[in-house]
Amino acid sequence: METGVRAHPRGGMIPEGASYYPSWRLAVEANNVHAWCTVPSQCLMNVEAYMSGGQYDRDLNLIVEQALSYINEIDPSNDGMDAWILDVDDTCISNLLYYREKRYGCDPFDPAGFKAWALKGGCQAIPAVRGLFNNLVQNGFKVFLITGRDQETLGQVTSDNLHDQGFIGYERLILKTAGFKGQSALAYKSEIRRRLEKEGYRIWGNVGDQWSDLQGECLGNRTFKLPNPMYFVP
């Protein structure tokens with residue numbers, strides 16, 4: 001019987017004649033597609049157009065506008081314990097130039113290649129998030145930047161890169177240490193947030209491009225998911 005659908009090599013069915021990419025990206029952003037390793041090859045041109053053609057920036061700006069509106073509703077205390085959490089990679093600073101050479105995520109992740117890229121310290125700020133960051137600092141929030149980058153090898157270059165891109169005045173940059181080796185991003189970031197709350201911080205907001213930034217324990221009062229169709233971090 002003709003069903004009007006065809007099997008996709010990674011599993012599932014794709015409607016014939018339909019645009020697969022918008023549906024795939026929606027499923028990714030809604031966290032309905034888990035543990036995907038690479039962007040489906042038929043989505044390459046669409047991901048490139050989305051990331052470089054303006055829609056990514058428009059989507060990201062809209063989310064940041066929502067975060068700023070939420071900030072305006074908060075009445076911070078004067079005890080210095082009101083906190084926000086921001087992820088680093090593809091939240092504060094962009095790896096778009098790196099992933100452009102990796103076919104926007106269609107190529108498998110290359111840990112050595114990404115480390116070499118990060119060591120250059122050339123990631124550009126994501127302007128909307130830098131604006132959000134500055135707003136938070138100016139309004140007295142303690143901003144914690146939490147990243148899965150390795151403390152030993154990437155700590156200084158990451159700090160320098162953030163400073164060069166205008167991220168000045170945060171409370172603490174927290175990178176992954178040897179004690180968290182082998183842990184998922186979700187487990188690692190949950191534990192860091194738990195420790196911050198144990199120190200007495202009230203986490204008002206949490207911003208990241210991966211669902212693993214925004215799931216688990218001690219999430220904060222609100223979370224804001226930024227778009228990223230190029231890779232998945234568990």
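Predicted model: local features only at pLDDT ≥ 70, side-chain atom pairs only at ≥ 80, totals over all residues.
**How H3 and H6 pack**

- Two packed helices are described by the distance between their axes and by the angle those axes make.
- Here, H3 covers residues 55–73 and H6 covers residues 127–138; their axes come within 9 Å and cross at roughly 10 degrees.
- Because angles under 35 degrees count as roughly parallel, H3 is described as roughly parallel to H6.

**The protein as a whole**

- Eight helices and nine strands make up the secondary-structure count of the protein.
- The radius of gyration is 19 Å, close to the 17 Å that the globule rule gives for 234 residues, so the protein is as compact as a globular protein of that length.
- Along the principal axes, the C-alpha atoms fill a box of roughly 70 × 40 × 30 Å.
- Of the 234 residues, 44% are buried.
- Among contacts with a separation of 6 or more, 71% are between residues 24 or more positions apart.

**Thr-147, in a strand**

- If you are looking for Thr-147, you will find it in strand S6, which spans residues 142–150.
- A polar atom of the Thr-147 side chain lies 3.0 Å from the backbone nitrogen of Arg-149.
- Setting aside neighbours within four places in sequence, Thr-147 is in contact with Asp-87, Val-88 and Asp-89, with Leu-173, Ile-174, Leu-175 and Lys-176, and with Tyr-188 and Lys-189.

**Asn-161, in a helix**

- Asn-161 sits in helix H7, which runs over residues 151–164.
- Leaving out neighbours within four places in sequence, the contacts of Asn-161 are Ile-93, Gly-121, Gly-122 and Cys-123.

Technical notes: Residues numbered from 1 in each chain as written. Heavy atoms only, no water. Helix = DSSP H or I, 4+ residues; strand = E, 2+ residues; numbered from the N terminus. Polar contact = N/O pair within 3.5 Å; in protein donor to acceptor, adjacent residues only side chain to side chain. Contact = heavy atoms within 4.5 Å. Axes fitted to C-alpha atoms, helices over the stretch in contact; angles between N-to-C directions. Parallel < 35°, antiparallel > 145°, perpendicular 65-115°, else oblique. Rg over C-alpha atoms; globule rule 2.2 N^0.38 Å. Buried < 20%, exposed > 50% of the residue type's maximum accessible area, 1.4 Å probe, protein only.
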